[in-house]
Structures are given as C-alpha cells and as structure tokens.
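Dear colleague,

I am passing the structure below on to you, together with some notes on what turned up in it. Please look at the sequence and the model first, and then read on.

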Amino acid sequence: MPDENSGSQYSTCVGLIYIFNLIVGTGALTLPAVFSRSGWLLGVIVILILALISFISVTFVIEAMASANALIKWKRIQHNKQEVNVQDSNESLSEGIESIKETTSEDCEDTPLVNQLADNLEQNELTYRYYVIDEKIELGEMASMFFSKFGIVLFYTCLIVYLYGDLSIYGAAVAKTLADVVCTYIPENFTINDTIPDTAACWKNSKYNRQDAYENYLTLFLVVMGSFAFFNVQKTKYLQYLTSAMRWLAFIIMIIFAIQKIIANGPQGNPAAVNLSGIPRLFGVCVYSFMCHHSLPALVAPISNKGTLNRSLAFDYLLIAFFYLILALTGTFAFAHLDDLYTLDFGPRVPGNISNLFVKIIEYFLTLFPVFTLSTNYPIIAITLRNNLQTLLFKQDTRYNFIIRNILVPIFVILPPYFVAKYTKDLSILVGITGSYAGAGIQYIIPTLLVYYARRQTSEIIGLGVMNNFASPFKSIYWLLFVFVWSIACMILVSVNLIEIHLNPK
C-alpha cells in the first residue's frame, strides 16, 4: 500500500501493484485448505465466480467515487457563483456554443451536425469538470453523503465488525505459527495426515502443552502489538515495501516447492472433484481473499491516468484469480493433508522434509512469514478500527474525557479480538465468518447501495445529460439486484452450515 502521508501520484501500473499486494494477503494463506475440502473442480468454479462478482462491486465503488467527486465539485461551483458575480469558464463556453448554434440555425444540411457537435462539446466540458476522481473520498465519507443516519450507523458497524475479525485472524495466525515453531515435540506414530492435538506436550516430558504455548504467545502479541492502538503510526512506506517483497518471495517459494514436490513424489493429495459441504467456508475465505473495497479510494485517487481504470482493474482481478488457482491447486495435490494456515505445511516439523541447511532456512522463513507480515499490518488495522469506533461513538466538535477517548477506546479495540482468538484458533472458521458476514457486507451490499443512491442524487442534482466516464459497465438495475440477492443468499447458506456444524459436531 502507498504511504498514507504521501500525496504524490503514481502510474496505473504501480496502482495495480498496490491493489494486488493489498488483496493477496492473509486470506490466500487459508485458501488451499478450504479449496481442497470443497473439491478441486468446484473450487475453481467458485473462485472464478467470486472474482467476477468482487470485480463488479469494485466498479460500483469506482462509480460512486466519481459521483461523490462530482457532487462536491458541483456544490463548490454553486457556492462560488453565489459569492462572486463573475462569469466562469462554463458560462463562457456556453456563450460560445450558443453563438455557434445561432450562426448555424439557418435551414441547411450541416445544421444538425454542427448542433450535435456543440452539444457534445458542452457535455464533454461538464463531464471533465464534474466526473473526475482527483480527491480521495473514503467509504465513510461517501456513506455520509448518500446514506441516511441509520445507513451510516450500519456502515460503520459492518466495517468495525470486519476490522475486529481482521485483528482476531492476525492474532490467531501469529500465535499459532509461533507455537508450532517453538513446540518441537512430535507425538509417536505421527504421520503427515495427522494433526497434532492441542493437548500434546510442547517438548518431550514437559507438562507445558501446545495450547498453553498458543495462549501465551497470543497474550505476548497482544501486549507488544496492541500497544500501538494507543498511538499513531506514520511513515510506513518502507515497511510496506519490505512486507510486499517478503510476501512475493514467500508465495513464489511455496508454489515452486509444491510443484517440485508433485514432480518428485507424484500427487499426494486426492481431493474429490466436487464436495458441496465445503462451499460455505470456501465462500467466506474467497470473499475475504478478494477484499480491497474498504481501501480502494486511497489506492485509486493517486493514480495519475485513470482513463482505462476499469479495464486495468479487470486485468488485475483476473491475474489475482489465476494466482489463487495456482496456489490452491498446487497445494491441494502436493500435500495429503493441509493445515488451515498453509505456511505450516512447509515447516521443519513435517515428516519427510529434506534437512539440509538451505532448505531448513527456507522452511523457517515460510513458517514465520505470517509473523513478520501480520505484525506489521496489525498496528495499522488497530488504529483504523480505533478511529472508526471514535467516529461512530463520539459526536464531532465535542470534547471528551482523555481517559475515555485515548485509553478506554484502544482497550476496547484490542481485547475483543484477543478473546475471540483465544476461544478458537481455527483460521478457516475465523476467516470464513469474517468474510461471509462483515466481508460480504463491505464487498457486496455497501458498494451496491452506494452506487444506487449515488445515481439517484447525481441525476437529481447534476442531471442525466452529463455522462459519468467512470460509470460501471454493469449499469443495469438487474446487476444491482443480482449482487444484493447473491450476498444475502450466501449469508443464509453460511448460517445454515454453521448451525448444522453446531448441532452435529464431528
């Protein structure tokens, strides 16, 4: 991601790289396991479908951003007209167009053509003036512009729940990784198809078990990284560059290792082609894995040339879907058993792994990869959650007690995710629930409602005659209904599955 404190612009290619890096994160590490459980053929179909629907909702956000910019510019122009009694450039162009129309009003063959040219010039000028994306307008600001008070509360509630899920996932992933690396004892008769139980000793002849290690590392992570919620983090550009480089290196190594394992030993995994029971978790993980909508304004606004924005984003999403398919398919067939956190399948505890020094270093790097990357992202997410909680709970221009605003709110930021992660360290469940509910709200429902109300307001205020060059290719109201109904149906599907799991635990 770009540094938030940097106001510089960048090319479309750089912007797409930032979006790629933002999307491909924690969700990708939990994708291979749920992909394998849903069946390789069904998994491919679901990933491609969800990539398409996620892209559709991205175009809704882009159109809403352009509409918000247009409304802000229109209000400024109206304000200037009231205060300054001078003719602006728009009035000058209108006079020029009128003169063209008057001089060509005679009954001749060229009259319709010249009139059409004048109308096109006027419309292009208005489009250029209004429908541009040169100001960063966050989703919260757009919600304030287009939604009622009740809608604004629902928006912030959905975003806050999603951020809480993010922090729970980060804490569980880091603690689980550290516990798995530190606890070196492997029970007797352990095979590659087994999962080491939480009650297993951390070291041989030790009463300290893996669950104890997990909870202790979770607490340590909370104390160290959670403290950033009380402050502000700035100048993160180089840290983000380092994190992105590590992410690319880790994913490339995992894909290469999995391919090498398939070539050397043959396919170890034998997944079914279709397993319908695995769809709910796969849906949640995929929604989480394609998420970038809440950060899209900050990534898109600095792009210098936005002329081909929708086509460029389509290419980016196609590339991400292809990358996810390679990661999931290679992992599914390379390993007979997949951990919920894919990096743990490359750890040094895995039986049969080569033990030379170079491979050991690579194994530890892959295993500890979530610790490095998620630890750098945790403070940013925690501060974002804190700011959104303050926006939801506190009225603007009202002074609040220092302890309430700067002590109690940060504590309320870090404690709920801690208890959620302490209750369950099953990352596929955490990612699935976060993606299926709050994630679906942010990725599907909110963009659909934003673009719907944005179209209504711009048509009423600016008019239908001014074209929005950033309008979604999916303009029909039926696309809005499809995305909305799809998200509700998927939430119901996931809810039914969770109830069945609760009533009939394995």
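This is a predicted model: local features need pLDDT of at least 70, side-chain atom pairs count only at pLDDT 80 or more; totals for chains, interfaces and linings use all residues.

In these notes, a residue is called buried when its relative accessible area is under 20%, exposed when that area is over 50%, and partly exposed in between, with a 1.4 Å probe and protein chains only. Residues are numbered from 1 along each chain as its sequence is written, and side-chain values use heavy atoms, with hydrogens and water left out.

I begin with the cysteines. Taking a disulfide as a pair of cysteine sulfur atoms within 2.5 Å, the structure holds one, and this disulfide joins C183 to C202 with an S to S distance of 2.0 Å. The link of C183 and C202 is left-handed, with -90° about the S-S bond. Both C183 and C202 lie in the loop between α7 (149-182) and α8 (210-226), 19 residues apart; here and below, helices (H or I, at least four residues) and strands (E, at least two) are DSSP runs, numbered from the N terminus. C202 counts as buried because its relative accessibility is 0%, and C183, at 1%, counts as buried too. Two further cysteines are also buried: C158 has a relative accessibility of 16%, and C490 has a relative accessible area of 9%.

Next come the aromatic side chains. Rings of Phe, Tyr and Trp (its six-membered ring) pair if their centres lie within 6.5 Å, and planes under 30 degrees apart count as stacked, over 60 as edge-to-face and the rest as tilted. A search of the whole structure on that basis finds 24 aromatic pairs. In one of them, the ring centres of F251 and F323 are 5.5 Å apart and the planes stand at 85°, so this pair is edge-to-face. The pair links distant parts of the chain, since F251 belongs to helix α9 (residues 237-265) and F323 to helix α12 (residues 309-334), 72 residues apart. F251 is buried at a relative accessible area of 2%, and F323 is buried at 13%. Y342 and F346 form another edge-to-face pair, 5.1 Å centre to centre and with 80° between the planes, and both of these residues are buried.

A ring can also have a charge over it, which is counted here if NZ of Lys or CZ of Arg is within 6 Å of the ring centre and within 35 degrees of the ring normal. K425 lies over the face of Y214 in this way, at 5.0 Å from the ring centre.

What, then, of the charged side chains and their salt bridges? Side chains of opposite charge can pair when their charged atoms come close. With a salt bridge defined as a side-chain nitrogen of Lys or Arg within 4 Å of a carboxyl oxygen of Asp or Glu, the count comes to nine salt bridges. One of them joins D340 and R37, whose closest N and O atoms are 3.0 Å apart. D340 lies in the loop between α12 and α13 (357-393) and R37 in helix α2 (residues 26-38), so the pair ties together parts that are 303 residues apart in sequence. D340 is buried, with a relative accessible area of 12%, whereas R37, at 34%, counts as partly exposed. Another salt bridge is the one between R455 and E63 (2.8 Å, N to O). Because R455 lies in helix α15 (residues 427-461) and E63 in helix α3 (residues 40-83), that pair ties together parts 392 residues apart in sequence. E63 is buried, with a relative accessible area of 6%.

Finally, D316 in helix α12 may deserve a look of your own. D316 is buried yet has no salt bridge, and the nearest side chain of opposite charge, R247, is 12 Å away (Lys and Arg count as positive and Asp and Glu as negative, while His and the chain ends are not counted). Leaving aside its neighbours within four places in sequence, D316 is in contact, meaning heavy atoms within 4.5 Å, with L16, I19 and F20.
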